[in-house]
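The lead comes first, and the details follow by topic.

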Amino acid sequence: MDVRRPLALPLLVPALVAALFLAAPLVGLALRAPWSTVLERATSDPLLAALRLSLVTSTWSAALAFVLGVPLAAWLASGRSPARTLVRILVTLPLVLPPVVAGVALLLAFGRAGLLGGSIELLFGAALPFTTLGVVVAQTYVALPFLVLAAETGLRGVDRNVQDAARTLGAGPWRVFRTVTLPLARPALGAGLLVAWARALGEFGATITFAGSLEGTTRTLPLAVYAALEREPDAAIALSLVLVAVSALVLFLLRRRWFPGSTGQDAAPEGGAR
Amino acid sequence: MTPDWTNALGLEARFEVARGTFVLDVAIRAEPSETVVLVGPNGAGKSTVLRVLAGLERVDRGSVLMGGDTLDGGIGGLFVPAEHRRFGVLPQGLALFPHLTALENVAYGPRSRWPGTRDPREEALDALVRVGLDADIAGRKPGALSGGQAQRVALARALAGAPRALLLDEPLSAVDASTRSALVPELSSWLAAFPGPRILVTHDASDALRFADRIVALEGGRVVQTGTRDELARAPRSRYVADLLGLNVFEGEANGSTVSVGSAALTVAGEADGPVTVTVHPRAVALFRARPEGSPRNALELEVATVEPGASRVRVALTGALDLVAEVTPRAVEDLGLVPGQHVWAAVKATEIRVEPL
């Protein structure tokens, strides 16, 4: 089904400018890349440490966001009430907050002198700031909204009649959620998980404010790029290329869900009788 | 499957539910081995009644009882939620699980009701075969089933797991006409084989008449009439019920023993004055080639509009001074040589005309 319609000229020019604007930084990156030494630099010890730290912490953050976010999304999706509206605003806030502000807020809440800092130190025997766990906390804080909003949309989209049918067949709320709601919302939850992970991977402001930039402990890939920029611009470029590659891979995995027009085939959901 | 159907119990509900300005005020009862058909126009509240019986919605006032035990006692009262009622529900639109195979759809009920006690797949396969499906569709997901197959899977799912009552919402709405005519007699026999109470919702008159031991007619959230088909036909309490049963209903002006309906004047047995509704059973209309002589007090020359053969009788729609439907034998159609456009005399005895003040 290849339907082509001519684009009006007043649209064509700005569209071209936009595409070029988005492409220019990538082209710059590619042209300036020290290709002969990229592999060498990309496998240098500090870089590998940053990459490993980034992958580990962003995976933990995404997992944490999933475990905490899906239940919250389920509650948000379960009805309408002023309380839900309030919580939804709370969930959306980190999306619009500058990450540095989020980092400051996290320090005031979970930092050594923060609201819950004392209890956390008692519980874990250490404070969160300037630890790898602190990185995970900062990343989870910024990634959670993406997951909750995507999951809520997905969970709301599950046919209520099908969930009711499960109840009449003897399934309690937990069994209905596990065996019907969750599997039917799987595409949306998967997409939410991936976006949350990508957001955690790219996190900078909240992490550097809350967890600092200690090599091997809290210096994730974006922090390493920033640190390398002045002393070793070539290393910064190599690191950037790694991040671009990882992000592009994530988008490629998400293409069916986000860009249904681009692959020429429909994002075919599992057939349902409605 | 070894259903514990030995102690079939009756289902009884009398309740009020308010949804905004819409108030549902209903009394409905189904005995064991009885099929009660809940019929009514769109928006009458039929599906809500079924959801209340299924335990998916709570009543505001009144109660829902099964075999005398309270399932829903209204606000502040006892409430047994849907998952603990063990009713076989066929929801509107089927609501099959799209991510599970036909077999797993049917096995879902037994799995939920008796977790870990037995493998329900054999029971599910039996149920699929029992509703006339081939075992080889068991592995298909609903998206790969035809309308008729999906309908049967939904029914098998409702029947599996020893339900105490059956609640079917528009059970034939998702299939095309030819599948439907094949399913109707089968559904009839499945219903008859189920020993508990059966409640079926439909807006289709032929379904209502076909399956019902008793009909409950719902309009605007209220039960307008309950009874057997004959009881309803004898004295329909609303135009909807009369139309449902295929009766002739007119509004007219009575003046003593004469009622004027449009340009026609009917002689009736009783006396009345003012606006009335007039009901004539189609079987009370006799057709003649020439003006009949003798006892019929009402004879009208009308034109044949349509001739529609039914199971044993032929419905003849007449038009003219009065739009009247007559039900006659196929023999009479042949004898009179009835074809559309032809003129005939229609006769109705005064005693066969029911007059009710508006």
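Of the contacts in chain A between residues at least 6 apart in sequence, 74% join residues at least 24 apart. The model is predicted. Chain A has 14 helices and zero strands, whereas chain B has nine helices and 18 strands.

**The two chains**

- Chain A has 274 residues, of which 35% count as buried.
- Along the principal axes, the C-alpha atoms of chain A fill a box of roughly 65 × 65 × 35 Å.
- Read from the N terminus, the elements of chain A are α-α-α-α-α-α-α-α-α-α-α-α-α-α.
- Chain B has 358 residues, and 40% of them count as buried.
- The box filled by the C-alpha atoms of chain B, taken along the principal axes, is roughly 75 × 50 × 35 Å.

**Where the chains touch**

- The contact is made by 21 residues from chain A and 25 residues from chain B.
- On the chain B side, helix α2 (residues 102-113) gives the most, with four residues.
- By class, the side of chain B that touches chain A has 15 nonpolar, six polar and four charged residues.

**Nonpolar cores**

- The largest nonpolar core has 130 residues.
- The residues with the most contacts inside this core are Leu147(A), Ala196(A), Leu38(B), Leu53(B), Val106(B), Leu128(B) and Leu167(B).
- Helix α7(A) gives the most to this core, with 14 residues.
- Another core, of 22 residues, lies apart from the largest one, and includes Val268(B), Val276(B), Val285(B) and Val348(B).
- In soluble globular proteins, nonpolar side chains tend to be buried together.

**Helix α7 of chain A with α3(A)**

- Helix α3 (residues 45-77) of chain A packs against helix α7 (residues 132-156) of chain A at an angle of about 40°, and their axes are 6 Å apart.
- Because of that angle, α3(A) counts as oblique to α7(A).
- The crossing of α3(A) past α7(A) is right-handed.
- The residues of this contact comprise 20 nonpolar, seven polar and two charged.

**Helix α7 of chain A with α10(A)**

- The axes of α7(A) and helix α10 (residues 186-201) of chain A are 8 Å apart, and the two helices pack at an angle of about 165°.
- The two helices are therefore roughly antiparallel to each other.
- Their crossing is right-handed.
- Residues of α7(A) in this contact include Val142(A), Phe146(A), Leu147(A) and Ala150(A), and those of α10(A) include Leu189(A), Gly192(A), Leu193(A) and Ala196(A).
- This contact has 13 nonpolar, four polar and one charged residues.
- Leaving aside neighbours within four places in sequence, Leu147(A) is in contact with Ala65(A), Phe66(A), Gly69(A), Gly192(A), Leu193(A) and Ala196(A).

**Helix α7 of chain A with α4(A)**

- The axes of α4(A) and α7(A) cross at roughly 125° and come within 8 Å.
- That angle is why α4(A) counts as oblique to α7(A).
- The crossing of these two helices is left-handed.

**Leu95(A)**

- Leu95(A) lies in helix α4 (residues 82-96) of chain A.
- Leu95(A) counts as exposed, because it has 12 C-beta neighbours inside 10 Å.
- Leu95(A) and Tyr141(A) are 46 residues apart along the chain, and their C-alpha atoms are separated by 9.7 Å.

**Helix α1 of chain B**

- Helix α1 (residues 46-54) of chain B is largely enclosed by the rest of the structure, because seven of its nine residues are buried.
- The buried residues in α1(B) are Lys46(B), Val49(B), Leu50(B), Arg51(B), Val52(B), Leu53(B) and Ala54(B).
- Leu53(B) is also one of the residues with the most contacts inside the largest nonpolar core.
- Gly55(B) follows α1(B), and its phi is positive, near 90°.

Terms used: Residues are numbered from 1 along each chain as its sequence is written. Chains are lettered from A and ligands numbered from 1 in the order in which they are written. This is a predicted model: local features need pLDDT of at least 70, side-chain atom pairs count only at pLDDT 80 or more; totals for chains, interfaces and linings use all residues. Two residues are in contact if their C-beta atoms, placed from the backbone, lie within 7 Å. Ala, Val, Leu, Ile, Met, Phe, Trp, Tyr, Cys and Pro count as nonpolar, Asp, Glu, Lys and Arg as charged, and the others, Gly among them, as polar. A residue is buried if 20 or more other C-beta atoms lie within 10 Å of its own, exposed if 12 or fewer, and partly exposed in between; C-beta atoms are placed from the backbone. Axes are lines fitted to C-alpha atoms, for helices over the stretch in contact, and angles run from 0 to 180 degrees between N-to-C directions. Angles under 35 degrees count as roughly parallel, over 145 as roughly antiparallel, 65 to 115 as roughly perpendicular and the rest as oblique. A crossing is left-handed if the near helix is turned anticlockwise from the far one by less than a right angle, and right-handed if clockwise. A nonpolar core is a set of buried Ala, Val, Leu, Ile, Met, Phe, Trp, Tyr and Cys residues joined through C-beta atoms within 7 Å.
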